[in-house]
Amino acid sequence: MADDFAKAVDDGLRLSKRLYFGKDRAVTPPRSPATMEKPAAAAAAALAFLPASPMAYAVIPDPSVVDNPDIPSYQPHVHGRCDPPALIPLQMNGIEVEADCELDTAFVRVSGSWRVHCVMGSKCCDCRVAIPMGEQGSVLGLEVKVSKRSYVTQLVAVEDKKDIDKAARAEDGGYLKPHIFTLRIPKVDGGSNISIKVCWSQKLSYCNGQFSLSVPFTFPEYVTPAGKKISKKEKIQVNVDSGTGSEVLCKTTSHPLKEVRRHVGKLAFLYESEVLTWSKADLNFSYTVSPATMLGSVLLQSPSMHDFDQREMFCLYLLPGNQQNRKVFRKDVVFVIDISGSVRGKLLEDAKNALSTALHKLDPKDSFSILAFNSEVFQYSTSMVLATSEAIKGAIEWINNNFIAGGGTDILQPLNKALDILSDCQGSIPTIFLVTDGTVEDEKHICDVMKSRIKKGGSLCPRIFTFGIGAFCNHHFLRMLAIIGRGQYDAAYDVGSVELRMESLFSRVASIVLVDIVIDPLDDLEVEMCPSRLPDLSHASPLTVFGRYYGNFPDHLQVKGISADWSTHVIDLKIRKAKDILLDRVFAKQQIDHFTAQAWFSEDKQLEEKVAKLSIQSGIASEFTRMILTEADEVTKATEPAGSDKAPRKMPDPKVHKQIMLRNLCIGFGNLTATVENVPPGAEQAKLPEAAEILVKAASNCCGTMCKHCCCMCCIQCCSRLNDHFVEVMVQLCTALGCFGCLECCSICCSGND
């Protein structure tokens, strides 16, 4: 889908050559990557056409409407249509971005204005909005104003999800890639302006006590308005609230931000300028919060009147500090790697490279083992092996010889073997590192087995870290396994990020500094915590816990855990009232993910309803809600803030509100069929257009009446993927054979023989 999008933008830029802007300037599109011969180079160049900043495009199925609405060029009529439609990037008039960094989450708001500069004033076209986001981004809402109309997105609770997903069309909106959200705005007049406001949340990256924010903000040259050089307004605002009450220091910034406000634990920066060309770099901002030692704090907050859950809220925030010489635990790690038939090509090579990097991060005192699995299990060793340089070299050689993609997927057998191998480990943190790209039928049984076996292991039971690849595996199952095993979960929805994400997750395994964490005392409270089982604290990420409670919160609170020297480490927590930070908003995504995994495992309908309410209240999509685009009028303008309803919104009446249903914005609960068929991640087949579906269906029916002939449906699907030059050669060959047949027929008829 992303490749089709890039191709459509390339076509749109070529089509924009028809535009004429007078004698001041003519728009020249960038060189097309299609002229490059090497596939890798062409693919890299195609990525340049994917949005690296908020963008708007004109959807052009009919190229004859392309013209300057202000200065008609009266060009010759263009016959034919663009199929799929071309995408012409619209010129941008102004852009503002504001980012609120709260605890470990950033809330980004972008406001911009674009002009439909490429369509005749008497014509109209659809427009497509593309919003790239940062780390683990989630769209919270979008508002569009054009002419006398306005559109807003909202989440609604749904009951029959299958029928709704069938009705939703890919071109209406959804995720182009895991970090790029798109939306179609219908029938925008040529020459009109489009105002867009969008908000999303994303995680702040953390390394060595330093938080980093990265917002896509690199604009291509062709979105700069044509004509005389007119200055344009560009504004960036960054607000930081650490929530700890500790000093905050700005470390790096990509743009010339000026400090405008400083309080204890808070900072505010502003950049505002008149520019001739738009920003050519992403917005990068980093700051430090914690001192050299571990730091913990608790924030308390009462719910708002619109909150459907009226219990009191608290959040525990534990920072590991930036002491690089702090002792970490010795590790016993069993790598459980999926090598089924779907894990092939570059995906397998990336997994091997990430595993090799992880092995080199082990200390000589650590130990490891490797299990590769498909329908069978292949063991590197029957026991743990010390991570010496010779052992790591031998393990990498074994990986290269035995990591051959093929077979099905069986997850329970290798997990049981991994627990058996770790059963005799002492004086270390036993860890299972599971990597898979598929789903299996017995996932809930696997969770039950792991829960039972880990419970028998006592406090220092094996930790389970899980990593999912692509859209076919059940990510909620993997998250549930991590919850049961007091580990952590991560994923690479985009197969191109497998190596980077795997290394990031293992860095948390390799830097654990505090285990068996408990909060004392909370016995007198009726508490619900998320996560329900506290994971370990590592140098690579802070530990955050959100909870709801009834009762009187204690005046003093401590966190106790076991440090790497096996002594009990106690941290006194500072308890403060949260004023400017909305805790339910900051931890909404964490709650939705946690409760969705529990709802899947327990099949609890009440939990599903709770997730739907959380989703609608926070604006974050879930498996039990769907996003719709609603056209709002002046009377019933749908711009209510998130959380204004105590009950889940039902589907608006389509007779009153014009609405567009979007596809499911979440990953789903796995694809067993794709796993069984070993379909590789990223090879999702796009749904055929309705007319093509009818043709294929009709063609497939005729196969029953044509005995001993090839399948017409297969022929249509096969021919749709043939190279154009190959098709031309085959047509010419068939024509030549036909001519020879005609000549033979003529020779027989004219020879005079009976």
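## Nonpolar cores

A nonpolar core is a set of buried Ala, Val, Leu, Ile, Met, Phe, Trp, Tyr and Cys residues joined through side-chain atoms within 4.5 Å, where buried means under 20% relative accessible area with a 1.4 Å probe and protein chains only. This is a predicted model, in which local features need pLDDT of at least 70 and side-chain atom pairs count only at pLDDT 80 or more, while totals for chains, interfaces and linings use all residues. Residues are numbered from 1 along each chain as its sequence is written, and side-chain values use heavy atoms, leaving out hydrogens and water.

The largest nonpolar core has 114 residues, of which Ile60, Leu90, Leu142, Phe181, Ile185, Ile194 and Tyr287 touch the most other members. A second, separate core of 36 residues includes Ile446, Cys447, Met480 and Ile483.

Strand 19 (residues 312-319) is largely enclosed by the rest of the structure, because seven of its eight residues are buried. Strand 19 pairs in the antiparallel sense with strand 18 over seven bridges, pairing being assigned if DSSP finds at least two bridges between two strands, and Met313 is the bridge partner of Gln301. Strand 19 also pairs in the antiparallel sense with strand 30 (residues 543-550), over seven bridges, where Gly547 is the bridge partner of Phe314.

## Ser297

Ser297, in strand 18 (residues 295-301), counts as buried because its relative accessibility is 1%. Leaving aside residues up to four places away in sequence, Ser297 touches residues including Cys315, Leu316 and Tyr317, contact meaning heavy atoms within 4.5 Å.

How values were computed: Helix = DSSP H or I, 4+ residues; strand = E, 2+ residues; numbered from the N terminus. Buried < 20%, exposed > 50% of the residue type's maximum accessible area, 1.4 Å probe, protein only.
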